[in-house]
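Hi,

Here is the structure I promised to pass on. Have a look at it first, and then read my notes below.

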Amino acid sequence: MVKPYVYVTRKLPDIIISRLRKRYEVEIWPEEEIPVPRKLLLEKVKTADALISVISDKLDEELFSHATQLRVAANMAVGYDNIDLAAASRHQIAVCNTPDVLTDTTADLTFALLLATARRMIEAADFVKQNQWKSWSPMQLVGVDVHHKTIGIVGMGKIGTAVAKRAAGFDMDIIYHNRSRHEVAEEMLGARYCTFDELLEQADFVICLAPLTEQTKGLFQREHFQKMKKDAIFINASRGPIINERALLEALQAGEIAAAGLDVFEQEPIAANHPLLALDNIVALPHIGSATKETRLAMMEVCCDNLDAIFDGRPPKTLVNKDLLSFRS
Ligand code: GLV
């Protein structure tokens, strides 16, 4: 029997490739740092039965119209804003993501970014490494407290709730803004629902964890940074385009907010000479929210499970385009 052909758009560990090869004909783009060139990807999807993709791959109408055999695109991420879902459904292609397995890991990183920004940890570590530490001094590298402050979470989904749990451990007041009320977080964690403006005005730490959609694109503009407290710290661990980056830069330069911790950017990778990176009060990370060995392997396993489900004729567990009721046999 001919094995289904799977194209994998980024180098994966051997253990995952071995699992895939048992059941599929597998081809992998071999580079770890360089994305598969668009032209090559368009060529590969012509004959692929399945695709394992990452967030930098744009899966759009053009790509799906090349993919005459493709039955599933398993995206190794919880977010799927890189995929035109309507186009996938039109072409009867299942789109899957990797929720749940990365919730705690991403919440850990979000909270670590908050702590690192508030306590100036990157600056302080550089200070030691660059041999600037000459003596202990009372006001040297002082940051701000995190405990007993107010955290404002914009986007109270699974990761937002996991961040709120961590905040509760730091005795923080938790306020949130979300499309809908989160009764469990309200009851279990004492989280308080606010309008977007109320949250901006009251929070010491504003944490962006909303998914990127047509509604959230450009959600944070200059006026929103201006509504925040002057000593507020802004953290973004979801998607860069939710923020108008120029507005954030100007707000930081004008001292309208105190600092920002960013794991995501409008353009990734961010250019090394981007003016945001020249600021001392920025902690910038290269989109590593889910980047632990355990979680990345778990995400890859979810992709494999979803492929297996499709080729067994079962519904995949984490199907995103649920409007897709029948799969091509
Ligand atoms: C990463 O950003 C993800 O969506 O999993």
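How many of the five residues of β6 are buried? Five of its five residues are, so to speak, under cover: β6 is mostly covered, with buried meaning under 20% relative accessible area, exposed over 50% and partly exposed in between, for a 1.4 Å probe and protein chains only. Thr150, Gly152 and Val154 are buried on one side of β6, and Ile151 and Ile153 on the other.

Some ground rules: this is a predicted model, where local features need pLDDT of at least 70, side-chain atom pairs count only at pLDDT 80 or more, and totals for chains, interfaces and linings use all residues. Residues are numbered from 1 along each chain as its sequence is written, and side-chain values use heavy atoms, leaving out hydrogens and water. Helices (H or I, at least four residues) and strands (E, at least two) are DSSP runs numbered from the N terminus.

Now the sheet. β6 belongs to an open, parallel sheet of seven strands, in the order β8-β7-β6-β9-β10-β11-β12. At its edges sit β8 (192–193) and β12 (282–284), each pairing on one side only; strands pair if DSSP finds at least two bridges between them. β6 and β7 (residues 173–177) run parallel over five bridges, with Gly152 partnered by Ile175 in β7. Further along, β9 (residues 205–208) and β10 (residues 233–236) share four bridges, also parallel, and Cys208 has Asn236 in β10 as its bridge partner.

Elsewhere, β3 (residues 50–53) is joined to β4 (residues 72–75) by four bridges in the parallel sense, and Ala50 stands opposite Val72. In β4, Val72 and Ala74 point one way, Ala73 and Asn75 the other, and all are buried.

On to the helices. α5 (residues 103–118) lies across β6, β9, β10, β11 and β12, at about 150 degrees to β10. Axes are lines fitted to C-alpha atoms, for helices over the stretch in contact, with angles from 0 to 180 degrees between N-to-C directions. The axes of α5 and α7 (residues 158–169) come within 8 Å and cross at roughly 55 degrees. That makes the two helices oblique to each other (under 35 degrees is roughly parallel, over 145 roughly antiparallel, 65 to 115 roughly perpendicular, and the rest oblique). Where do they meet? Contact (heavy atoms within 4.5 Å) involves, among others, Thr103, Asp104 and Phe111 in α5 and Lys158, Ile159 and Arg166 in α7.

Cheers
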